[in-house]
2 protein chains.
Amino acid sequence: MRVGIIGLGLIGGSLGLALRRLGHSIDVIGVAKRPESVADAIQRGAVDQASTDLADLAECDIVVIATPIADIAGVMERLAPILTGGTLITDVASVKRPVVGWARQLPNPSRFLGGHPVAGKERSGLKESEAALFDREPWIFTPAEGQDVRPFDTWFEILRAIGARLSFMRADVHDQQMAYLSHLAFVVSAVFAETVQKHADAALGGPGYRGMVRLAAGDPAMYEAIARENQAALVEAIDRFDALLHSYRQRIDGGTRVKDLFGGAVHATR
Amino acid sequence: MRVGIIGLGLIGGSLGLALRRLGHSIDVIGVAKRPESVADAIQRGAVDQASTDLADLAECDIVVIATPIADIAGVMERLAPILTGGTLITDVASVKRPVVGWARQLPNPSRFLGGHPVAGKERSGLKESEAALFDREPWIFTPAEGQDVRPFDTWFEILRAIGARLSFMRADVHDQQMAYLSHLAFVVSAVFAETVQKHADAALGGPGYRGMVRLAAGDPAMYEAIARENQAALVEAIDRFDALLHSYRQRIDGGTRVKDLFGGAVHATR
């Protein structure tokens with residue numbers, strides 16, 4: 001099986017490493033923008049071969065678009081004349097509604113299935129990639145209404161073999177879930193980090209502080225693109241977080257009624 | 001040197017383990033409320049000897065109060081008739097202004113110095129204790145105005161030997177710092193965890209989600225006591241966080257102006 005990966009950053013690189021460790025008969029063909037990334041990916045063993053030329057993916061059974069979300073529509077456009085009708089296409093972006101929309105312009109939209117590995121680290125880039133990145137983490141697919149996903153069965157099997165926990169849902173449901181689980185998380189981490197920087201000395205922080213600012217150290221360009229693409233759901237999540245924060249604030253300010261304040265949160269984590 | 005530790009939970013137990021590994025001539029005498037904790041602490045090697053009787057601390061060079069903050073005033077009262085004038089007393093509570101106030105009732109207040117190891121884990125209790133808990137973490141002392149801290153020099157040396165990074169500040173400054181670095185952190189984590197529980201499926205969360213709810217899994221009784229004791233500073237910290245969250249929300253809702261939104265936060269973490 002020939003798997004193409006476009007974009008050799010943290011996710012693309014980790015996927016290449018994971019696939020090549022499977023020991024299946026999988027060939028990984030990488031495509032990156034910059035020649036240095038191509039050389040680096042080969043040297044790290046994340047790909048069997050790599051280039052800067054999308055045309056090298058012509059014979060792939062499946063192509064995984066692992067570029068920044070802002071580049072996906074352009075990549076699809078340039079892929080269209082290259083791929084045969086048989087090649088499957090998927091992606092790894094953490095917002096799915098716009099991606100599924102762009103995929104409707106493909107010559108054969110039924111060969112596309114949006115995907116999202118809910119995995120990552122606070123640092124991005126190929127140098128951070130690791131074969132175990134997807135192990136025991138969710139990998140969500142978002143079929144279009146009525147889409148037959150059986151052509152992707154072998155791909156699902158491969159992802160399960162690298163440890164991913166697969167699930168399937170509508171793109172808008174996915175985006176609403178991620179607005180809370182992922183996008184609200186980095187907004188809250190960023191706001192916390194900036195608040196602390198303005199009013200306290202981070203050198204006095206312990207492990208609790210460090211855990212809460214970890215996400216804030218991530219790639220701001222990626223966060224900005226995600227916030228733009230999932231704007232409405234994220235704003236709603238922020239508003240709901242904010243309403244609950246107000247309730248906590250009022251109870252703390254009330255003093256005597258602080259009892260049982262944290263019980264709900266503790267319950268939520270068990 | 002004889003070191004007494006009152007309260008054999010995560011902090012008291014870890015301190016005992018760390019001190020006993022130093023290889024200095026340090027005897028650790030533990031006192032716990034429950035006989036089971038006494039037996040457990042001896043079995044785990046966190047103490048040289050232990051009992052449920054504060055009177056066993058009579059001959060100590062220094063006594064560390066490592067009980068929940070709500071018990072500190074009572075412990076001080078019961079310690080007063082037991083200790084000779086020579087015994088130093090310190091504590092480990094994460095709010096210092098009330099503790100320093102209670103210490104003024106001691107027969108010899110100049111022998112007390114408030115302390116706070118900024119260390120911990122999301123799970124508490126003796127079973128979670130580890131000798132490396134304080135390694136490379138801050139340990140803050142809050143001398144009273146004009147207090148001569150030289151009697152504690154040997155204690156400082158010992159704490160540096162177990163890896164702690166010592167600093168000194170006024171109790172109110174400490175409490176204001178911790179309102180941001182620690183207490184706001186667990187409020188934000190708790191509010192995030194509860195918001196997600198209400199509106200999303202936590203099983204779809206990845207490492208980013210898990211990192212942000214880690215603090216929320218902590219001891220609610222401890223959080224409630226801290227929120228009560230550091231109420232004004234914590235409410236102020238929440239209000240400042242909230243003001244910045246609003247600004248993020250408006251910029252995300254504005255869409256086009258989302259650029260550079262996360263730059264400040266990223267800068268704050270580097």
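Me: Let's start with A:Arg136: is it buried or exposed?
Reply: This is a predicted model, so everything here is computed from it. A:Arg136 has 10 C-beta neighbours inside 10 Å, so it counts as exposed.

Me: What phi does A:Arg136 have?
Reply: Most residues other than glycine have a negative phi. A:Arg136 is not a glycine, yet its phi is positive, at about 65°.

Me: And over in chain B, is B:Arg136 buried or exposed?
Reply: B:Arg136 is in the loop between strand S6 (112-117) and strand S7 (138-142) of chain B, and it has a positive phi of about 65° although it is not a glycine. There are 10 other C-beta atoms within 10 Å of B:Arg136, so it is exposed.

Me: Which helix gives the most to the side of chain A that touches chain B?
Reply: In this contact, 69 residues of chain A meet 69 residues of chain B. Elements of chain A that each supply at least two residues include S7, helix H6 (171-199) and helix H9 (231-254). With 18 residues, the one that gives the most is H6(A).

Me: By class, how many residues on the side of chain A that touches chain B are nonpolar?
Reply: That side has 17 polar and 11 charged residues. The nonpolar ones number 41.

Me: How far apart are the C-alpha centres of the two domains of chain A?
Reply: Chain A is divided into domain 1 (2-169) and domain 2 (174-257). Their contact takes 15 residues from domain 1 and 14 residues from domain 2. The C-alpha centres of these domains are separated by 29 Å.

Me: What span is expected for H9(A) at 1.5 Å a residue?
Reply: H9(A) has 24 residues. From its first C-alpha to its last it reaches 34 Å, which is close to the expected 34 Å.

Me: Which elements of chain B do the buried residues of H9(A) pack against?
Reply: Among the buried residues in H9(A) are A:Leu234, A:Ile238, A:Phe241 and A:Tyr248. The buried residues of H9(A) pack against H6 and H8 of their own chain A. From chain B, the partners are helix H6 (171-199), helix H8 (220-229) and helix H9 (231-254).

Me: How many of the residues of S6(A) are buried?
Reply: A:Phe112, A:Gly114 and A:His116 point one way from S6(A), while A:Leu113, A:Gly115 and A:Pro117 point the other way, and all are buried. S6(A) is therefore largely enclosed by the rest of the structure, and the count is 6 of the 6.

Me: Which residue of S6(A) is the bridge partner of A:Thr90?
Reply: Strand S5 (residues 88-91) of chain A pairs with S6(A) in the parallel sense, over 2 bridges. In S6(A), the bridge partner of A:Thr90 is A:Leu113.

Conventions: Residues numbered from 1 in each chain as written. Chains lettered and ligands numbered in written order. Predicted model: local features only at pLDDT ≥ 70, side-chain atom pairs only at ≥ 80, totals over all residues. Buried ≥ 20, exposed ≤ 12 C-beta atoms within 10 Å, placed from the backbone. Helix = DSSP H or I, 4+ residues; strand = E, 2+ residues; numbered from the N terminus. Contact = placed C-beta atoms within 7 Å. Nonpolar A, V, L, I, M, F, W, Y, C, P; charged D, E, K, R; others polar. Domains from an automatic or database assignment. Expected span 1.5 Å × (residues − 1). Pairing = 2+ DSSP bridges.
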